[in-house]
Amino acid sequence: MLGILFWLAVKAVALAMSLVLSAAVLVLTLRKMLGYFTYRIGPNRVGPWGILQPIADVVKMLFKEDIIPRDADNIVFRLAPIIALFTALAIWAVIPWGPSDKLAAYMSDPNAGILVFLALGSLSVYGVALGGWASQSKYSLLGSMRATAQMISYELAMGMSLVGLLLMAGTTRLSGIVAAQGTGHYYFWITQVVGFVVFFISTLAEASWTPFDLPEAEAELVGGYNTEYAGMRFGMFFFTELIHAVTMAAMISLLYLGGWNTVSFLSFIPGTLAFIMKIMFVLFIYLWLRATLPRFRYDRLMNFGWKVMLPLAALNLVGTAVYVALWAPKA
């Protein structure tokens, strides 16, 4: 028993450090790519080619003064970024990064892994909402309200888009969904193309990624929910957003791109490495969209969520249910 707990603790620490490191690499890649996309240089001062810029940013945030507004709710203001970061990391407790027969390839693999993912994902907005409310700032409050409304609008479409996938896979276990794509079937981004598009767009909104970054729209809200934060507490919110992007890229890779499965002529690539490469590909698409698309106007974002995304997810669900009932091969 003690050996299992020790092994889980080691994996948890290694996973948390890997996620923080991936967030640092992502922010460097983001700045470099945005520079290339917009004909700028990007970071180029700290270290060769600017690759040590994330370390300089972390050191800067560690030494900056931790300012708390005079009228802020002290306890909630301090706890909000911790809640946001903890929920972002907690989702990875149920995300496997290799076959379930290898103990080192996952923290846990529950039967209802997809439901745990949705539950923890919906909890992530609490840190943002509490931080915006506790700041006692109009900009922060508006940002937190936008985050809450956006989560409600897109979580419903995201969940409904996944029901069609679950009907095809026949399981709610994440490793089982990956296995269903590696037994001769097409990857689900082909057989569930409408659900894939809905889920992909919903992940952008879930991660508050462009063009759905309304909760922190700098041009409108100065910074939104994190306007009053400084130092490492601001850094926690910043890393939370980046970890959410990595998490959503991982879920897209698991649910629709086959996870660690590869096509036959690429079978020499180790499964975990193939999974990481797929995550990097999805993150590249995220960064490309960030450099290309303008921010949605708030009323149009709500209309798009309720009048376009939700009907598309419902249509995909009905179509998949009819297919599974009438034509899908029975086990």
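Aromatic pairs in a predicted model

Mentor: In this predicted model, one aromatic cluster is formed by Phe196, Phe199, Phe200, Trp209, Tyr256 and Tyr286. The structure holds 15 aromatic pairs.

Trainee: Why is the pair of Phe37 and Trp288 called stacked?

Mentor: The ring centres are 6.4 Å apart and the planes make 20 degrees.

Trainee: What makes Trp288 partly exposed?

Mentor: Its relative accessibility is 43%. Partly exposed lies between the cut-offs of under 20% for buried and over 50% for exposed, so the term applies. Phe37, at 34%, is partly exposed as well.

Trainee: Why is the pair of Phe200 and Tyr286 called tilted?

Mentor: Their centres lie 5.6 Å apart, with 55 degrees between the planes. Stacked needs under 30 degrees and edge-to-face over 60, so 55 degrees leaves tilted. Phe200 sits in helix H8 (residues 193-206) and Tyr286 in helix H11, 86 residues apart.

Trainee: Are Phe200 and Tyr286 buried or exposed?

Mentor: Phe200 has 16% relative accessibility and Tyr286 has 1%. Buried means under 20%, so both residues are buried.

Trainee: Where does Arg290 lie relative to Trp209?

Mentor: Arg290 lies over the face of Trp209, 4.6 Å from the ring centre.

How values were computed
Residues are numbered from 1 along each chain as its sequence is written. This is a predicted model: local features need pLDDT of at least 70, side-chain atom pairs count only at pLDDT 80 or more; totals for chains, interfaces and linings use all residues. Side-chain values use heavy atoms; hydrogens and water are left out. Rings of Phe, Tyr and Trp (its six-membered ring) pair if their centres lie within 6.5 Å; planes under 30 degrees apart count as stacked, over 60 as edge-to-face and the rest as tilted. Buried means under 20% relative accessible area, exposed over 50%, partly exposed in between (1.4 Å probe, protein chains only). Helices (H or I, at least four residues) and strands (E, at least two) are DSSP runs, numbered from the N terminus. A charge sits over a ring if NZ of Lys or CZ of Arg is within 6 Å of the ring centre and within 35 degrees of the ring normal.
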